[in-house]
Amino acid sequence: MDSLPRKLRHLQVYEALKADLRSGRFPFGRRLPAMNELVRQYQVSINSVCRAIELLKEEKLVRTKVGDGIYSMVPDLSMSHSKIENMDIPYIVSSKKIKVWIEDPKDWQVEFWRRMLTRFQEENPDIALELCFGLNAGEAAKDADLLLGGLCFLYQCGVETSALLSYEDVKSFRPHLYENKFMSTDSVVSDKGACFFPFGFNTTFILGKKGAFPQRLRHCADILEFMKKSGDEAPFLLWSIGNCLASCGCCFKDVSKGQYEFRNRAKWKNVLNRLRDHMKHGNLLWKIKEGYVWEGIIQKELGASVRFMEIDIGGLREIRNLGLTSALEWIPYPTGTLYWLFSKYAGIVRRTSFPDECLRILEYILRGSVQQELLDQMIAMPIDRKVMEENGYQGLSEGLAAKARKDRIPVEVPFDLEMHFAVEKHTLMWDIYYYLIGKAEDDVIECLERKIRYLMEVHRKRIQAALHKATRMLR
């Protein structure tokens, strides 16, 4: 370093040591070389080394102990707090402590998130992450800074959407956050505002034996017509009727207004009657009450009692684990005119002291390499255009992007979680099922409209009563 100006030499030492710390050469608690050794290594004065160490101390990357040495303070998410506390140096991570609550509860999912966010923290040593996992976060998630998961999970956390930051609130920090992404906060149709930050999505696939698919698929009914014409007795196994209806252009709610409605009743009747006919002739099977055990269905039924079946990304992971990928193929659900997506979102809690740091975490998740990992580990489908194209999903990404430009993507946004279960899970699905199997003969759409009006009115009165009670308690 003799050729460098004297006033810059300490910065060169600082940058070199900082790179070593971030690379993991000196993990948490490891002692760095002594001052005299650093002087010899970098061929600088003791004053330059001291100034470099002071800069590292300001960033909480190292800590010095008088008469003992210099210790790494770069945090490692794989270390437990008890292990750190038992070390012979104080645990000082950073003043930027961020609590992240993640929906995914399974061991392989937790392993992915821990591994990925450990790398993030190595690149961002000013941030200390506390990671929590589980579907049933409830009240415990209210003190989180960042929530990662599906919308039902975000609602179940008990955090009102008014308590979440919108992209407009923080856009100045990261104005190019969604560059080269076919989904963004603006893509999401919701009456709650753009407070949901998408980072991936789950959609349904259709699984079948290799070479079994018809050449042209506009929507789900094309597969059923193909099976009917071919005289195939093995049915198409449904996972949820919602996918099939959306594929055929039938939507039962307007999430931008927070209302349930059946647009184009003639189309609805036509689609339902066609599906009823397919079910009657054995082309359609819907196990509405049975849970899916992917291994049993794939190995025992597919190709024998079932020709095609709906499957989600978790099911695809099971196919890979079972070693069945060479005999099977799957395609994204034929989207027709509507899209039935279950997006994965980040929600930034308004009270956080570190909104930009939360965005930094999201920006890392949106990085191309991490988006590829999301797909490889079957955590979610990526929203990065390039990653989708490189993995053979160009048609799906182009279709979603075109839909987003035209109408925005009507993703699954439960504008009220209680009504979501009361209407969709407990009423609509069962009434349609009974109609399809021939157990109900009435006009199913008119019947559903009456029930939904009743449920909405009861729900409205319940909310009014709760507000009245709260007002009286405040007086």
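Trainee: In which strand is L148 found?
Mentor: This is a predicted model, in which local features need pLDDT of at least 70, side-chain atom pairs count only at pLDDT 80 or more, and totals for chains, interfaces and linings use all residues. Residues are numbered from 1 along each chain as its sequence is written, and side-chain values use heavy atoms, with hydrogens and water left out. Strands are DSSP runs of E with at least two residues, and helices are runs of H or I with at least four, numbered from the N terminus. L148 belongs to strand β5.

Trainee: Why does L148 count as buried?
Mentor: Buried means under 20% relative accessible area, exposed over 50%, and partly exposed in between (1.4 Å probe, protein chains only). L148 counts as buried because its relative accessibility is 1%.

Trainee: What separates the C-alpha atoms of L148 and I102?
Mentor: Contact means heavy atoms within 4.5 Å, and I102 is among the residues that L148 touches, not counting residues up to four places away in sequence. L148 and I102 lie 46 residues apart along the chain, yet their C-alpha atoms are separated by 4.8 Å.

Trainee: In β14, which residue is the bridge partner of L147?
Mentor: Two strands pair if DSSP finds at least two bridges between them. Strands β5 (residues 146–149) and β14 (residues 342–348) run antiparallel and are joined by four bridges. In β14, the partner of L147 is G347.

Trainee: In what order do the five strands form the open sheet?
Mentor: The pairing in this sheet is mixed. Its edge strands, each pairing on one side only, are β4 (127–133) and β6 (197–202). The order is β4-β3-β5-β14-β6.
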